[in-house]
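Please read it beside the sequence and the model.

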Amino acid sequence: MLNLKPIMISGKEVLPLIEGGKGINASDGRSSGAWAHENCVGTFSGVSPDFYDKAGNVVSEFISLKSRPERHQEMIERAIKGGVAQAQVAHEISGGRGRIHMNMLWEMADSQTVLEGVLSKAKGLINGITCGAGMPYHLGELASKFGVYYYPIVSSARAFNILWKRAYNQFTEFLGGVVYEDPWLAGGHNGLSNAENPEQPETPYNRVIKLRQLMNEYNLQEIPIILAGGIWNLKDWEDYIDNPEIGKVAFQFGTRPMITKESPISEAWQKVMLHVKKGDVILQRFSPTGFFSSAIKNTFLEKLINRKNGEVAFKTEQDEEFSVPFTINHHKNVFIRPSDKEKADKQINAGYTEIQETPDQTVVFLTPKELEEMKEDRKNCVGCLSQCQFSTWSASSPTKSTGKLPDPRTYCIHKTLYEVGHGGSVKDHLLFAGH
Ligand SMILES: Cc1cc2nc3c(=O)[nH]c(=O)nc-3n(C[C@H](O)[C@H](O)[C@H](O)COP(=O)(O)O)c2cc1C
Ligand code: SF4
């Protein structure tokens, strides 16, 4: 039996066991409240969380016909209401035990507005904020303003070093811990940098030691490192416990709690998870954020993989290599490699007749139905990300566009996560999962 000693997390002595935040709706007030109730730490997701009407029913996301900036505003207001509602549910279930954290995707558009809105309305209910996917420079300042602890999620000592030097050294009081999320193993978006090979996982031990050494240099010996990614059974992590080289440590579980009865995900999703085999969870780069992410290979991902495999490069001027004339959707004449001609014809003959240009001088092939769905998804965009490769939405740009071509190799992550998080098809939506 492991001897897990309680440690201070967000101002209270609790067991060093943490539920990872999971959007959309894959960790909420119910699951986080249950974790806190056991004197651990529960994390609800602050990405489009549910809120309820007077009768206690979920108020479904309403995509109105207003302009995209208006829909975006509506999404922000809903996220604030949802964050407060989930904090209240979590608090009630916890019975005041343990700690409740809120997770925020930094790359969500206006994530700071949502955080400020929730924290100002849910005073005393949220003890900490975890934040990943991007570089959350302002997190320390924002959390300190509200007197809550903050937990950046990083995948290397290098990333923490940048955050510390640029911002966090000014806000030491409320730095609650540093989450080391293994970029090869963890579910959801992963922090693989260009220097790291997705095919060559590195063992977490050395990377965690590097992080601890760096933290010690900054006098952060007492700040726990929270290990995330591939944590299933603590027996596999005995080397990390009571190890002076690693110091204070806690364990964050993302995937495993999804198959508990307290998890908010659908039974169908849990069933899929219980039957995954080795190799079914894959690390890929289809997310419109541009990040790598880890998910279960289902029909949804297979379609994207096939589309990517069918991709054909073109040039607008003919040369020796790109010698075969090719017409994109009856209007644009370009040139492709002779070796790609058969590949293109095969797809068109199989019904993938809609040829869509990517931002990288390539085309991919879609069925008319797929193209219709894509157009509909772009039309309904609520501008959930700070920048989106799928719709070209850019929250910070005056034109609200990245100015690039929309990328048909990606998808609307907001739609698919929202739908599967509310009982949608487990075949046709994205199922994030760790390895
Ligand atoms: C379905 C799912 C959704 C997730 N969503 C988020 C998220 O919105 N924000 C975040 O920081 N991490 C997210 N994660 C990562 C988890 O919080 C956790 O760190 C990770 O799953 C740990 O790895 P494991 O899955 O191997 O346990 C998600 C993970 C899963 C499986
Ligand atoms: S199209 Fe992109 S920005 Fe718009 S809602 Fe979907 S994922 Fe978010």
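Predicted model: local features only at pLDDT ≥ 70, side-chain atom pairs only at ≥ 80, totals over all residues.

1. Residues are numbered from 1 along each chain as its sequence is written, and chains are lettered from A and ligands numbered from 1 in the order in which they are written.

2. The largest nonpolar core contains 99 residues. Such a core is a set of buried Ala, Val, Leu, Ile, Met, Phe, Trp, Tyr and Cys residues joined through C-beta atoms within 7 Å; buried means that 20 or more other C-beta atoms lie within 10 Å of the residue's own, exposed that 12 or fewer do, and partly exposed that the count is in between, with C-beta atoms placed from the backbone. Among the residues with the most contacts inside this core are Ala87, Val118 and Leu431. Helix α2 (residues 68-94) supplies its largest share, nine residues. Helices (H or I, at least four residues) and strands (E, at least two) are DSSP runs, numbered from the N terminus. At least three core residues come from each of domain 1 (7-264) and domain 2 (296-420), the bounds being taken from an automatic or database domain assignment.

3. Ligand 1 is surrounded by 28 residues, of which Gly20, Gly187, Gly188, Gly254 and Gly434 are the closest. Here a residue is near a molecule if its C-beta atom, placed from the backbone, lies within 6 Å of it. Strands β5 (99-105) and β11 (249-253) each give two or more residues to this shell. By class, the shell has 12 nonpolar, 14 polar and two charged residues; Ala, Val, Leu, Ile, Met, Phe, Trp, Tyr, Cys and Pro count as nonpolar, Asp, Glu, Lys and Arg as charged, and the others, Gly among them, as polar.

4. Around ligand 2 there are 14 residues, and Cys381, Cys384, Cys388, Ser391 and Cys412 come nearest. This shell comprises 10 nonpolar, three polar and one charged residues.

5. An open antiparallel sheet of three strands has the order β9-β13-β12, where pairing requires at least two DSSP bridges between two strands. Because β9 (188-190) and β12 (281-284) are edge strands with a single partner each, one side of each lacks a neighbour in the sheet. Three bridges join β9 to β13 (residues 292-296), and His189 stands opposite Ser293.

6. Ile209 lies in helix α6 (residues 204-217). Ile209 counts as partly exposed because it has 16 C-beta neighbours inside 10 Å. Between Ile209 and Ser263 there are 54 residues of sequence separation and 32 Å in space, C-alpha to C-alpha.
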